[in-house]
Amino acid sequence: MSNKPTVLIIGCGSIGERHLRSFQSTGRCHVIACDTRPAILADMAKKYKVETSTDWKLALANPVCKVVVICTPAPYHVPIAIEVLKCGRHCLIEKPIAISLDGMNELTAVHESSGRACHVAYVNHSRPEPRAVKAFLATGKFGRVRAATVVSGQHFPTFRPAYREIYYNNHAQGGGAIQDAMTHMVNLVEWILGPTKSLLCEADHQVLDGVEVEDTVSAIARNQDGAIITYTLNQFQAPNELTIQFNAERGSLKIEYHLNRWGQMALGATEWNWETFKPLDRDGPFVIQANDFLDACEGKATLLATLAEGIQAVRFNLACFDSLKTGTKAWV
Ligand SMILES: NC(=O)c1ccc[n+]([C@@H]2O[C@H](COP(=O)([O-])OP(=O)(O)OC[C@H]3O[C@@H](n4cnc5c(N)ncnc54)[C@H](O)[C@@H]3O)[C@@H](O)[C@H]2O)c1
């Protein structure tokens with residue numbers, strides 16, 4: 001038996017299978033697949049030649065299992081993560097980490113005393129464009145960001161044909177555009193600009209067939225540093241595009257995911273100065289994330305989303321629901 005760590009993937013649905021494949025492709029670990037559905041496990045064993053388990057608690061008791069990736073629907077993330085950290089295993093948790101703040105204090109305390117890595121799988125941290133923008137803003141060359149816009153959309157049924165049958169159709173399971181999709185944008189912006197203070201949200205079900213949850217969201221937010229951020233996202237448009245623009249005191253920065261590039265324009269310039277990256281395939285950022293997480297397990301510093309950032313993103317979601325209910329501004 002090699003001394004590579006064994007990674008237990010809990011929940012081998014859509015994203016669990018992607019994590020399984022991505023961790024396996026690092027060549028740095030062994031993988032065990034866990035799901036309550038035996039048919040899925042038979043599929044994982046056949047495709048990836050991995051060991052399987054229908055019971056995550058039993059699998060966790062195996063001493064070779066040092067690392068866990070939690071890929072169940074959101075309501076189960078926190079109770080599983082608490083157990084995983086209590087057992088002294090490293091833990092990567094899928095987003096959103098929860099649908100409420102229940103158990104967050106316990107999770108934070110258990111993590112702090114565990115000495116283990118615990119991160120949230122906001123995969124934008126593993127893409128080159130936001131990494132470049134974050135590093136550029138940290139130089140201070142353009143001053144402080146005072147306003148930002150996030151414009152995002154895709155045809156969700158094309159990317160997730162089963163959307164009607166999965167957690168997505170139910171807020172209580174982590175579904176809907178706010179908790180499932182916009183949370184990625186929110187975490188990305190908060191990673192770069194810091195936490196949100198307040199927001200006003202408008203959202204509704206506009207188009208997607210067979211579900212009632214919101215597929216369209218707009219929010220105007222203010223971060224703790226005073227920057228004003230406008231988010232708009234829908235899940236039915238034809239183009240799969242994301243554009244984020246950060247307007248700072250002495251220049252602007254732009255990310256265009258669909259063109260794999262980021263650009264800068266200093267005040268006084270008239271053209272964007274672009275840096276374009278080689279396109280990554282759909283697993284690409286997840287493989288980077290898997291390598292980063294294995295680094296974190298070895299005690300190395302990484303750019304992965306922290307547990308505190310994941311909890312903050314849940315607060316943002318809850319404030320969106322609050323604002324929708326009251327029709328007024330909500331505090332995050
Ligand atoms: N980062 C991303 O890009 C991304 C993409 C999709 C989903 N997600 C997130 O990942 C999570 C899962 O999403 P999904 O699309 O893979 O859902 P899914 O429904 O396809 O898969 C979830 C799996 O978890 C299994 N499961 C549930 N309870 C379990 C338990 N107690 N033990 C073992 N297995 C259990 C289910 O049987 C199912 O196979 C959600 O929180 C979702 O928001 C993230």
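I took two strands as paired if DSSP finds at least two bridges between them, with helices (H or I, at least four residues) and strands (E, at least two) being DSSP runs numbered from the N terminus. The model is predicted, so I noted that local features need pLDDT of at least 70 and side-chain atom pairs count only at pLDDT 80 or more, whereas totals for chains, interfaces and linings use all residues. Residues are numbered from 1 along each chain as its sequence is written.

**Sheet.** I looked up the strand order and found an open, mixed sheet of nine strands, β14-β13-β12-β11-β7-β10-β9-β8-β16. β14 (273–276) and β16 (330–331) are the edge strands, each with a single partner, so one side of each has no neighbour in the sheet. β14 pairs antiparallel with β13 (residues 261–266) over four bridges, and there Gln264 stands opposite Asn273 of β14.

**Helices on the sheet.** Counting contact as C-beta atoms, placed from the backbone, within 7 Å, I found that helix α6 (residues 128–138) touches β7, β11, β12, β13 and β14, its direction making about 165° with that of β12. Helix α8 (residues 177–193) lies across β7, β8, β9 and β10, at about 150° to β10. Axes here are lines fitted to C-alpha atoms, for helices over the stretch in contact, and angles run from 0 to 180 degrees between N-to-C directions.

**Domains.** I read the division as domain 1 (6–123) and domain 2 (128–266 + 304–331), bounds that come from an automatic or database domain assignment. Their C-alpha centres lie 25 Å apart, and the contact takes 17 residues from domain 1 and 18 residues from domain 2. On the side of domain 1 that touches domain 2, α5 (104–114) and β6 (118–120) each supply at least two residues.

**Helix pair.** Finally, I checked α1 (residues 14–26) against α9 (residues 284–297), whose axes come within 8 Å and cross at roughly 65°. The α1 residues meeting α9 include Arg18, His19 and Phe23, and their counterparts include Phe286, Val287 and Leu294.

Notes. Contact = placed C-beta atoms within 7 Å.
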